[in-house]
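Subject: Structure handover

Hello,

I am passing this structure on to you. Please have a look at it first, then read my notes below.

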Amino acid sequence: MESLKKNKFITLAIETSCDETSVALVADGREVLSNVISSQIEVHRVFGGVVPEVASRHHLNNLSIVYEKAVREAGVSLKDVDLIGVTAGPGLVGALLIGIAAAKAFAYAAGKPLAGVHHIKGHISANYIEHRDLAPPFPALVVSGGHTHLIHVKGYNEYEILGRTRDDAAGEAFDKVARVLGLGYPGGPQIDEAAKGGNPHSVEFKRVMLEKDSLDFSFSGLKTGVLNYLNAKKQKGEEIIAADVAAAFQLAVVEVLVAKAMAAAAVTGGNKLVLAGGVAANSLLRSMLKKNCGKAGIDLYCPSPLLCTDNAAMIGCAAYYQYREGLVDDMTLDAYPQMAL
Ligand code: KG4
Ligand code: ZN
């Protein structure tokens with residue numbers, strides 16, 4: 001087959017930090033040639049959450065199949081690739097190691113540079129793919145299963161953390177509340193869906209704002225609030241309407257996220273706000289942020305739902321901008337379950 005490369009800079013990217021095995025080919029940093037995602041949701045559903053050992057084993061089994069599909073869809077081969085990007089952390093160590101070992105093998109075989117990417121940087125970069133005109137600086141709200149951060153993105157590789165969760169991540173709270181409501185796994189999409197048929201004012205759960213002007217978050221109290229509410233209802237023998245609880249919980253999370261994101265936008269100035277991470281797929285969060293940004297004269301950028309959750313294209317984009325600034329790694333690249341941004 002004739003190569004479709006046509007003088008473009010091609011990044012081969014791999015993401016295996018949690019329960020998605022993904023391989024992408026990205027041209028010139030922002031053009032997705034292919035973005036194959038093999039989700040393990042069905043595998044972990046029976047356990048009610050991600051089992052690290054099981055995730056690693058599935059990455060190992062799936063990676064070469066996902067790679068073959070990605071290069072075929074993109075119409076390129078390994079000899080066309082200019083850079084290998086891979087998630088180096090944070091994430092599940094065994095899962096990360098599978099992706100890193102493969103990335104090193106590809107880099108060695110192709111004789112091309114290797115760039116280890118911070119997963120949060122990847123989530124933010126999903127917006128560069130979706131919005132070709134977007135460039136730093138801007139404030140970003142990154143909300144996923146493992147992270148809730150407000151970040152001032154000053155450059156493609158320059159970040160200042162304005163606030164972060166002190167306990168649970170927003171997505172983690174969604175997943176835990178969905179579990180106690182019996183809505184299944186993963187919880188975020190289930191709560192999003194159930195909430196559409198519920199009354200968000202049926203219960204007023206506490207909005208934890210922390211100290212005045214703080215851009216940190218705390219969601220563990222809200223989670224406990226939901227549990228206490230459910231227990232009290234059960235003790236009184238009263239009916240629990242899952243859709244109402246889901247809607248009330250979702251509104252409590254989203255109101256805090258929106259208030260703090262708008263505060264971050266005010267602190268950093270400018271007229272842009274970027275949303276990223278799996279929870280960025282939440283319909284209420286997107287619509288409330290859009291409304292608030294509209295009122296404040298701020299342009300809101302969010303990725304399409306497929307690019308919100310874990311995928312390799314976002315890692316390829318981040319790797320490209322690292323490479324342009326000389327931020328590459330060698331064969332000593334390791335997996336970092338905890339990793340500073
Ligand atoms: O970014 P991601 O795919 O993985 C991590 O880096 O953690 O995010 C997964 C998280 C899960 O907690 C999932 O429940 C949540 O994103 N999520 C949502 C929605 N879709 C995914 N949360 C709320 N509403 C959604 N529609
Ligand atoms: Zn993620």
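Let me start with one pair in a sheet. His149 stands opposite Arg164 in S8. Strand S8 covers residues 158–164. Helices (H or I, at least four residues) and strands (E, at least two) are DSSP runs, numbered from the N terminus.

Some ground rules. This is a predicted model, where local features need pLDDT of at least 70, side-chain atom pairs count only at pLDDT 80 or more, and totals for chains, interfaces and linings use all residues. Residues are numbered from 1 along each chain as its sequence is written, chains are lettered from A and ligands numbered from 1 in the order in which they are written, and side-chain values use heavy atoms, with hydrogens and water left out.

S7 (residues 148–155) runs antiparallel to S8, and six bridges join them. Two strands count as paired if DSSP finds at least two bridges between them.

On to S6, residues 138–143. S6 also pairs with S7 in the antiparallel sense, over six bridges. The hairpin from S6 to S7 goes through four residues. Pro139 has His152 of S7 as its bridge partner. Leu141 stands opposite Leu150 in S7.

S6 pairs with S9 as well, this time in the parallel sense, over three bridges. Val142 has Ala276 of S9 as its bridge partner.

Both S6 and S7 are mostly covered. In S6, six of its six residues are buried. In S7, seven of its eight are. Buried means under 20% relative accessible area, exposed over 50%, and partly exposed in between (1.4 Å probe, protein chains only). Phe138, Ala140 and Val142 point one way from S6, while Pro139, Leu141 and Val143 point the other way. All of these are buried.

**The nonpolar core**

The largest nonpolar core has 46 residues. Such a core is a set of buried Ala, Val, Leu, Ile, Met, Phe, Trp, Tyr and Cys residues joined through side-chain atoms within 4.5 Å. Which members touch the most others? They are Phe205, Phe249, Leu257, Leu285 and Leu289. Elements giving two or more residues to this core include S6, helix H5 (170–180), helix H8 (242–268) and helix H9 (283–296). H8 provides the largest share, 15 residues.

**The zinc site**

Ligand 2 is a zinc ion. Donors are N, O and S atoms within 2.8 Å of the metal (3.2 Å for Na, K and Ca); water is not among the atoms, so sites may look incomplete. The donor residues are spaced H-x3-H-x186-D in sequence. Both histidines lie in helix H4 (residues 119–130), four residues apart, about one turn of the helix. His119 and His123 are buried.

**A pocket**

The second largest pocket has a volume of about 150 Å³. On a 1 Å grid over the protein atoms alone, a cavity is a set of points where a 1.4 Å probe fits but cannot get out, and a pocket is an open set with protein on both sides within 12 Å along at least five of seven lines; lining residues have an atom within 4 Å of a point. Grid points are joined across faces, edges and corners, and a volume is the space filled by probe spheres set on the points.

Among the lining residues are His118, Lys121, Asn157, Asp329 and Met339. Strand S5 (residues 114–118) gives the largest share of the lining, three residues. The lining divides into six nonpolar, four polar and two charged residues. Here Ala, Val, Leu, Ile, Met, Phe, Trp, Tyr, Cys and Pro count as nonpolar, Asp, Glu, Lys and Arg as charged, and the others, Gly among them, as polar.

**Backbone details**

A cis peptide bond joins Gly89 and Pro90, with omega about -15 degrees. Another joins Pro136 and Pro137, with omega about 5 degrees. Pro137 lies in the loop between H4 and S6.

Leu210 is not a glycine, yet its phi is positive, near 60 degrees. Leu210 sits in the loop between H6 and H7. Leu210 counts as partly exposed because its relative accessibility is 30%.

Best wishes
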